[in-house]
Amino acid sequence: MLRGPVGRGAFPPEEQLEVVTLATSKTSEHNCPASQWCLDDLAAELVNRHAEEAMTRSTIWRVLAAADLKPHRSVYWLNSHDPDFDTKAGEICKLYVNAPLLYQQGELVICGDEKTGMQILQRKHPTILVAPGKPEKREHEYIRHGTRCLIASFVVPTGQVIWDLGVTRTSKDFAAHLDHVAGQFPEHQRFHWVVDNLNTHWSLDVCELIARLSELPFHKRDLRTGKQRRAFLTDPEHKHVFHFTPKHGSWLNQVELWFSTLARRFLKRGDFASAAEFVQGLTAYLDDYNAHRAHPYRWTYSGQPLVRATPFSQTRRQQRAGRAWFGTRPQRFERYIYPPRPYRRHLSNNCPGTYEMAI
């Protein structure tokens, strides 16, 4: 007897659950030689189990889509094993939220880090500019003119970036950068530095500089180990206080957000004929950023996990609750960059569905 086509929704919940369970298991547990599941492998496994009433590929795809499962996708992730992750992350997030108020009280929150290995590349052949229907075309071959290291500090309440560009990133380079940044704000009484756990950030050179800036006695014999140096730098009684991000938690450093902007806006499509041209172009970009584009970031992370099914309206409320402002009204730079929609709905008896330009 021939069986008719199975309609949508004809499979009971336990069979749909079997698809989800199979897709979330390892392929090696089911004698599948592939390293990941695909629709064909899932369908073949289900046919071996239920030869008469096995699901088709389209049905399996609908079950996976309903459960928001994508076995073909994979992303890297970095797990933080820091036992004090919650405490350190909460302290840094609190600094970001209170940064505007601290700024008015004479305290400054600054995020510092290095962007190393910035390659100075020159395209071997000219780039073909964008044209209607055609994207920009860049030659994959290039001429390399060396690398540069950028040590940058992002001022959280204002968005200003202070930088030093060089060839190396030694502890002396980082200490010199801290001295450069502190010299730009002589009127502030206290500094909060947010940095990651790189050894150059808690070196003896940095401790010596912080002791001088904080007008404290400096004794090398008391700062022989890394634990002693970190304790000295994180002392809340000092004028300059360091706040180290959790291990594998450097994404809590706001300067990383600015580094991603720098990579997209300047480095990704850069074409530099020499190191001098690279330095000149980067200096012009940074000067223009501080003059016209510098703004504080809206920090929305509050420690709660983000859920895919969260409604958009609720997500916006969470963002407003986590933003580091005194009010919920968008700031001036936000209103300039993201103006309101220029169209409004125009209802009339003749054309009830037309739109007109808002003037």
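Modeller: Ground rules come before labels. This is a predicted model, where local features need pLDDT of at least 70, side-chain atom pairs count only at pLDDT 80 or more, and totals for chains, interfaces and linings use all residues. Residues are numbered from 1 along each chain as its sequence is written, and side-chain values use heavy atoms, with hydrogens and water left out.

Biologist: What does the secondary structure of the chain come to?

Modeller: There are 12 helices and seven strands. Helices (H or I, at least four residues) and strands (E, at least two) are DSSP runs, numbered from the N terminus.

Biologist: Why is Phe242 called buried?

Modeller: Buried means under 20% relative accessible area, exposed over 50%, and partly exposed in between (1.4 Å probe, protein chains only). Phe242 has 2% relative accessibility, so it counts as buried. Phe244, at 7%, is buried as well. Across the chain of 359 residues, buried ones make up 33%.

Biologist: Which residues do ring pairs link into a cluster?

Modeller: Phe191, Trp193, Phe242 and Phe244.

Biologist: How do you know that Arg230 lies over the face of Phe244?

Modeller: A charge sits over a ring if NZ of Lys or CZ of Arg is within 6 Å of the ring centre and within 35 degrees of the ring normal. Arg230 is 4.4 Å from the ring centre of Phe244 and lies over its face.

Biologist: What joins S2 to S3?

Modeller: Two strands pair if DSSP finds at least two bridges between them. Strand S2 (residues 142-155) and strand S3 (residues 161-166) have six bridges and run antiparallel. Ala152 stands opposite Trp163 in S3. The two strands form a hairpin with five residues between them. In its turn, Gly159 has a positive phi of about 85°.

Biologist: Where else is phi positive, in residues other than glycine?

Modeller: Asp68 has a phi of about 55°, and His248 is near 60°. Asp68 is in the loop between helix H3 (57-66) and helix H4 (85-97). His248 is in the loop between strand S5 (240-244) and helix H9 (255-267). Asp68 is partly exposed at 37%. His248, at 36%, is partly exposed too.

Biologist: Which members of the largest nonpolar core touch the most others?

Modeller: A nonpolar core is a set of buried Ala, Val, Leu, Ile, Met, Phe, Trp, Tyr and Cys residues joined through side-chain atoms within 4.5 Å. The largest has 34 residues, and Tyr96, Val109, Leu150, Phe154 and Trp258 touch the most other members. Elements giving it two or more residues include H4, strand S1 (107-123), S2, S3 and H9. Another core of 27 residues lies apart from it, with Cys149, Val206, Leu209 and Phe244 among its members.

Biologist: What does Leu150 touch?

Modeller: Contact means heavy atoms within 4.5 Å. Leaving out residues up to four places away in sequence, the partners of Leu150 include Met118, Trp163, Trp258, Phe259 and Leu286.

Biologist: Why do you say that the buried residues of H1 line one face?

Modeller: In helix H1 (residues 13-23), Glu15, Glu18, Val19, Leu22 and Ala23 are buried. Seen down the axis of H1, they fall within an arc of 125°, so they line one face. That arc is the one of the directions from the helix axis to the C-beta atoms. The face turned away from the buried side carries the exposed residues Pro13, Glu14 and Leu17. The buried residues of H1 pack against helix H2 (39-49) and H3.

Biologist: Is Ser203 buried or exposed?

Modeller: Ser203 is buried, since its relative accessible area is 8%. Ser203 lies in the loop between strand S4 (190-195) and helix H7 (204-213). Ser203 touches Ser171 and Arg229, not counting residues up to four places away in sequence.

Technical notes
Phe/Tyr/Trp six-rings, centres within 6.5 Å; stacked < 30°, edge-to-face > 60°.
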